[in-house]
Amino acid sequence: MDEYFAEVRLSRQESRDSAVSTLQEVMAYHTDGTSEAAVSASDALEEGVATALAEAQIESLIIAKGFSDCVTYMADDTVSVAVSAPAEGLSTADVALISDVVTSQTDYDLSQVRVIEVKAQ
């Protein structure tokens with residue numbers, strides 16, 4: 001199971017690194033920084049950093065609540081949290097606790113939170 005979370009984090013980081021590189025190229029090409037493309041790239045870069053920080057904070061808080069591992073993905077309309085689940089699965093209380101962490105740390109409401117059990121194989 002540890003492998004799953006490591007692979008997902010690596011994949012997420014590689015995707016982000018690629019996006020950051022592209023945004024930095026756009027910003028470098030538009031050196032005056034005032035063009036629409038440069039401003040848009042700068043905004044996207046700031047949003048990406050904010051999303052990465054929020055995901056990391058949610059993951060840290062969920063692990064601090066006693067779960068062995070998790071990974072969070074924030075999209076425009078949902079937050080998905082894949083959580084290492086015990087053999088008996090996540091309880092309703094576990095899901096409520098995870099959902100509470102997400103809603104307290106973001107502007108997403110409960111209907112936008114998805115909790116996904118990751119069980120050992």
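## A colleague's note on helices, sheet and cores

1. Let's begin with one residue. Ser 80 is buried, because its relative accessible area is 19% (buried means under 20% relative accessible area, exposed over 50%, and partly exposed in between, with a 1.4 Å probe and protein chains only). Ser 80 belongs to strand E2. Leaving aside residues up to four places away in sequence, Ser 80 touches Val 71, Thr 72, Tyr 73, Arg 114 and Ile 116 (contact means heavy atoms within 4.5 Å).

2. A word on how to read this. The model is predicted, so local features need pLDDT of at least 70 and side-chain atom pairs count only at pLDDT 80 or more, while totals for chains, interfaces and linings use all residues. Residues are numbered from 1 along each chain as its sequence is written, and side-chain values use heavy atoms, with hydrogens and water left out. Helices (H or I, at least four residues) and strands (E, at least two) are DSSP runs, numbered from the N terminus.

3. Now look at the sheet. Three strands form an open sheet in the order E1-E2-E3, with mixed pairing (two strands pair if DSSP finds at least two bridges between them). E1 and E3 are the edge strands, each pairing on one side only. On average, neighbouring strands are turned by 15 degrees against each other, direction ignored (axes are lines fitted to C-alpha atoms, for helices over the stretch in contact, and angles run from 0 to 180 degrees between N-to-C directions).

4. How do E1 and E2 pair, and over how many bridges? Their pairing is antiparallel, with five bridges. Four residues lie between E1 and E2 in the hairpin that they form, and Cys 70 stands opposite Val 83 in E2. E2 and E3, by contrast, run parallel and are joined by six bridges. Here Ser 84 stands opposite Val 118 in E3.

5. Two helices pack on this sheet. H1 touches E1, E2 and E3, and its direction makes about 30 degrees with that of E1. H3 touches E2 and E3, with its direction at about 135 degrees to that of E3.

6. Next, H1 itself. Its 28 residues should span 40 Å at 1.5 Å a residue, and its end C-alpha atoms are 41 Å apart, which agrees (the expected span is 1.5 Å times one less than the number of residues). Phe 5, Val 8, Arg 12 and Leu 23 are buried in H1. The buried residues of H1 pack against H2, E1, E2 and strand E3 (113-118).

7. Helix H2 (residues 36-64) has 29 residues, so at 1.5 Å a residue it should span 42 Å; its end C-alpha atoms are 42 Å apart, which agrees. Its buried residues include Ala 38, Leu 45, Glu 55 and Ile 62. The partners of the buried residues of H2 are helix H1 (2-29), strand E1 (70-74), strand E2 (79-84) and helix H3 (92-105). Just after H2, Gly 66 has a positive phi of about 110 degrees.

8. Finally, the cores. Which residues touch the most other members of the largest nonpolar core? Of its 14 residues, they are Ile 62, Phe 67, Val 81, Val 83, Leu 90, Ile 98 and Val 102 (a nonpolar core is a set of buried Ala, Val, Leu, Ile, Met, Phe, Trp, Tyr and Cys residues joined through side-chain atoms within 4.5 Å). H2, E2 and H3 each give two or more residues to this core. Apart from it lies another core of five residues, including Phe 5 and Ala 82.
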